[in-house]
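Me: I would like to learn how to read a model like this one, beginning with a single residue and then moving on to the place where two chains meet. Could we take it step by step?

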Amino acid sequence: MNYPIWEVPIIGGGWLIGIVAIIHVFVSHFAVGGGLFLVLTEIKAYKNNDPIILNYVKKHSKFFLLLTIVFGALTGVAIWFTIGLVNPQATSALIHIFVWGWAIEWVFFFVEIAAVMLYYYTWDKLDHKTHLIIGWIYFIAALLSMVIINGILSFMLTPGKWIETRSFWDGFFNPTYLSSLAVRIVTAIVMAGIYGLLTATFIVEKNNRHNVLKYSSKWVLPFMLILPVVSLWYYFTLPDIPKEIALGGISFVSQTAIIGIIVGFLVFLIVLIFGYFNTRLFTKLIGIVVMILGLSIMFAGERVRESIRKPYVIYDYMYSNGLIINEFDVIKEQGILKSAKWVEIKEINEENKIQAGKNGFKLYCSSCHIVGGYNDIKPLIVDLDEETIAMMINDLENYRGYMPKFAGTEAEAEAIAKWLYKFNLENKKEQ
Amino acid sequence: METQVIIPDIDPISVPAPIWLLKILLLLTFTLHILAMNVAVGGGLIAAVTEFLGKKNNSQNHFELSRSISKMLPPFTAFTITLGVAPLLFLQVLYGNFFYTSTILIAWPWLSIIVIFILAYYGYYLYSFRWEKLEGKRFVVVLISALLLAVIGLIYTQNIVLMLTPEKWKEIYFNNPHGTSLNLSDPTVIPRYLHFMVAALAVAGLVVIMWGIKKIKINESLGKWGIRYGILWFIVPTLLNIIIGLWFLISLPKNFIMLFMGENIYATVYFMIALLAMFVSLILMFVALNSAKPLAKIIIGKVFLLLTIVMMVLMRHELREAYLQPYLNWDKVQVEPQWGVITIFIILLLAGIVTVIWMLKKSFGQKSNVDPVELS
Ligand code: HEM
């Protein structure tokens, strides 16, 4: 209501954030788990006096540096950029509540970046012990930055007592804080193994690969078994409505979850067969396939987590269209067009009704429905007449989709309905 | 329709720190960000010119220098982002309602920063890691990367200026709500931007001087050449920047020019000190150019340049407050400091700095003692 709305064609802002976030999460979890992987692998190489593993971990660390420090860091900034563009009101709320959390995360980020560069540049310059300490510093800083950011991210779904107390700590240590942290840490370790398998096929000569592959598989296999357990724990810490959505309240959400589980099982099998038992058969192609499958699991997980938050962006505090729940009654009184700052039409009359409807839709619905794109509105109303659509809008929260209550006036609902009904008319003409 | 200016309301959630603390942190981290950016962008441009001259004159000195710069570019690019994230945080708490709005108007150019940055960053790594192998292509690789980074600065300046001019928002948004607008038509944008970029060359010139000083112990003629070359990179851009700075000043609306001419005591004093310090550093560098023992002059010159930069940052801040003065009343902003978390932040910040210094000391401080049983 407060900010201008930036419409992203076809995929919509939600998916834009989703895509950027998933890419970032894929790299940033590796940045955490991979840190542990580096130090433990380095220790193993010294302990067994194993030149193959040592050479491998050195080269792997170069890949690690180039991926995390450039791609990881910038996709992180990209999330900032996109949420500020798509959800400025929510971003503003988060930054007002948690700016010091982010400032603390930034300290860890800073240490992380310095440590990983030095770790890479000092391979042959420092004694083993000091080099390892720098590696540990990297891993601890990376882990702690996850420990912080997890508080802010889990807050969005379960703000818990913050709703009443408005206290930083209540928001930070919210009901899903621990369970989601557990999911993240286990995921980070699995990611470390998946990346390890892939780089092994590029770095290590075929005849020497066996040990490295087997070693990397041990990072994946047991933790793939723990992942469903922590995910289940996470599920049980959710409030009722998100649980309901995940179990089929919105069909695509439960479908996504099921696909995620199946793909997870597939990854486990592939790694077990080719990464652990039959390492001779583990090729670059299989490494890449496992990587893509891993990406799809994350994709599923993130999508589910985002979808079960409907219709909120910050649960019980703000709808995904930026409306703050506390302000609902005031807005309902005067309608959304008058409350919104960035619309040209304030009063509806017969001439501007369609245009007003278009504006109303943009304000209230476009965060979830893109015309001709994501969650397209056209097929959802195709059989309905104008009055029915208006009636549905006035009663939005009672239809499928877990939509927000409508904060507009009846005249605004009619205007939106009139504009939407135009699509049905166009449809009929074409046929 | 009415012509009033639309400004989004301030967030209903109170600001979790005193405004002065946030402003100090904003200005401090911004200064560091700009210094790192200067080396990343200015250094890249100097490297490109140096590659070119080296090839043209077949000069080993030039290649020695460009090889050294190539190793500096990736870490300083990393510092530029890392030190950019912090002011991005504080800017949003302080000026979020202005910043988010202007960003939405230029959404796509703004997002393109990410892609441009990734390309340029990998370009720098390519230049650094493959320096020998690239040979003739080095000039192109480093030039393109540096120019890409410089484009990011132009997008930043457009946004940072657009957020200060809410009068323009309405027309821009209602003509084009798709987020593909730019803000190049503002007469202050180009001079403001050039002011930053030309300064970047001068600051990177100082880094070249430092390199020369370090080399003198190993190879005297190379070191001396480096110092002279660096001083030229400092002096020429700085002279040019006097003109650009003036251009920037007169491009501002009249009432803002007057701020620096006595109307606002802080702005005026900062301006005077900045000018004075700049002239002192220029003169010292001129003298150092033909001096047999330039070291002391260079160091004092650097201190004065740093003073100039700090004053410029403060002037820029006064200018921002003046732009926003009709739209932003700090007394109306609700503040509820989270002192507990702030304390934790400060302790961790100090611990973080100590940790980084320790690591740097270990890595560069002592002679490397490579393990006798070299495994690889
Ligand atoms: C190499 C690429 C970059 C260049 C050349 C660059 C350059 C600049 C310049 C010239 C300004 C001043 C704008 C003005 O006042 O007119 C600026 C401001 C700023 N930059 Fe950067 N920047 C770069 C990357 C980044 C990144 C990646 C971030 C964030 C992660 C960032 C964060 C900021 C912030 C927050 C400000 C505004 C501070 C304020 O207005 O107080 N920059 N940058």
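Reply: Let us begin with burial: a residue is called buried when its relative accessible area is under 20%, and exposed when that value is over 50%. Please keep in mind throughout that this is a predicted model.

Me: Is A:Cys365 buried or exposed?

Reply: A:Cys365 has a relative accessible area of 14%, and because the cut-off for buried is under 20%, A:Cys365 counts as buried.

Me: How many disulfides does a search of the whole structure find?

Reply: A disulfide needs two cysteine sulfur atoms within 2.5 Å. Over all chains the search finds zero disulfides; for A:Cys365, the nearest cysteine sulfur belongs to A:Cys368 and lies 8.5 Å away.

Me: How many residues does each chain give to the contact between chain A and chain B?

Reply: Chain A gives 77 residues and chain B gives 77 residues, and together the two chains bury about 7100 Å², with 77% of that area on carbon and sulfur atoms.

Me: Which side chains meet in a salt bridge there?

Reply: A salt bridge pairs a side-chain nitrogen of Lys or Arg with a carboxyl oxygen of Asp or Glu. The count between the chains is one, and it joins A:Lys341 to B:Asp9 at 3.0 Å, N to O.

Me: Which element gives the most to the side of chain B that touches chain A?

Reply: That element is α2(B), with 19 residues. By residue type, this side of chain B divides into 55 nonpolar, 16 polar and six charged residues.

Note on methods:
Residues are numbered from 1 along each chain as its sequence is written. Chains are lettered from A and ligands numbered from 1 in the order in which they are written. This is a predicted model: local features need pLDDT of at least 70, side-chain atom pairs count only at pLDDT 80 or more; totals for chains, interfaces and linings use all residues. Side-chain values use heavy atoms; hydrogens and water are left out. Contact means heavy atoms within 4.5 Å. Buried area is the accessible area (1.4 Å probe) that two parts lose on being put together, summed over both. A salt bridge is a side-chain nitrogen of Lys or Arg within 4 Å of a carboxyl oxygen of Asp or Glu. Helices (H or I, at least four residues) and strands (E, at least two) are DSSP runs, numbered from the N terminus. Ala, Val, Leu, Ile, Met, Phe, Trp, Tyr, Cys and Pro count as nonpolar, Asp, Glu, Lys and Arg as charged, and the others, Gly among them, as polar. Buried means under 20% relative accessible area, exposed over 50%, partly exposed in between (1.4 Å probe, protein chains only).
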